[in-house]
Amino acid sequence: MPRITTCGGPQSATEFSYEGSVQTGSVITFEKAPKVSLTADFFQAIITEFRGRSIRGGFNMDDPPPDGFGKWVQDNSARLNNQSLTPRHASFIAAILRHEKYLNCRLEGNAVILDFKP
């Protein structure tokens, strides 16, 4: 089970574990919260939607930017993954995608930018 960190800077990155993969579906394990399951179809929808694009992470729970990844996950997860997820969950999803080489993360000021591969 890989142990990886989210895409935030050194002070804001969170370490977590997950099982599975983007291709087979994953389960994220949190220390103090229920596990979250992500289907392979949900990952594929993300990859298809954002392929070749650079977008803001938008992981803010209170006011995620409307064009950010966090808002997209919040708006589409119930329909595509049968579970409502938050912009915070999106930060873990982005980390899995980075770990499996579907995107790169970078910081612009305080903003996390996700560069999806073509």
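Reader: In which sense do strand β5 and β7 pair, and over how many bridges?

Author: In this predicted model, strand β5 (residues 54-56) runs antiparallel to β7, and 3 bridges join the pair. S54 is the residue that stands opposite D115 in β7.

Reader: Which strand pairs with β7 over 6 bridges?

Author: That strand is β6 (residues 103-108), again in the antiparallel sense. Within this pairing, V112 in β7 is the bridge partner of L107. A hairpin is formed by β6 and β7 with 2 residues between them, and G109 in the turn has a positive phi of about 65°.

Reader: Why may β7 be described as largely enclosed by the rest of the structure?

Author: The description holds because 6 of the 6 residues of β7 are buried. A111, I113 and D115 point one way from the strand, while V112, L114 and F116 point the other way.

Reader: How much space lies in the largest pocket?

Author: Rolling a probe the size of a water molecule over the atoms shows where empty space is left. The largest pocket holds about 270 Å³. Of its 18 lining residues, G58, F59, N110, A111 and V112 are the closest to its centre. The lining comprises 6 nonpolar, 9 polar and 3 charged residues.

Methods:
Residues are numbered from 1 along each chain as its sequence is written. This is a predicted model: local features need pLDDT of at least 70, side-chain atom pairs count only at pLDDT 80 or more; totals for chains, interfaces and linings use all residues. Side-chain values use heavy atoms; hydrogens and water are left out. On a 1 Å grid over the protein atoms alone, a cavity is a set of points where a 1.4 Å probe fits but cannot get out, and a pocket is an open set with protein on both sides within 12 Å along at least five of seven lines; lining residues have an atom within 4 Å of a point. Grid points are joined across faces, edges and corners, and a volume is the space filled by probe spheres set on the points. Ala, Val, Leu, Ile, Met, Phe, Trp, Tyr, Cys and Pro count as nonpolar, Asp, Glu, Lys and Arg as charged, and the others, Gly among them, as polar. Buried means under 20% relative accessible area, exposed over 50%, partly exposed in between (1.4 Å probe, protein chains only). Helices (H or I, at least four residues) and strands (E, at least two) are DSSP runs, numbered from the N terminus. Two strands pair if DSSP finds at least two bridges between them.
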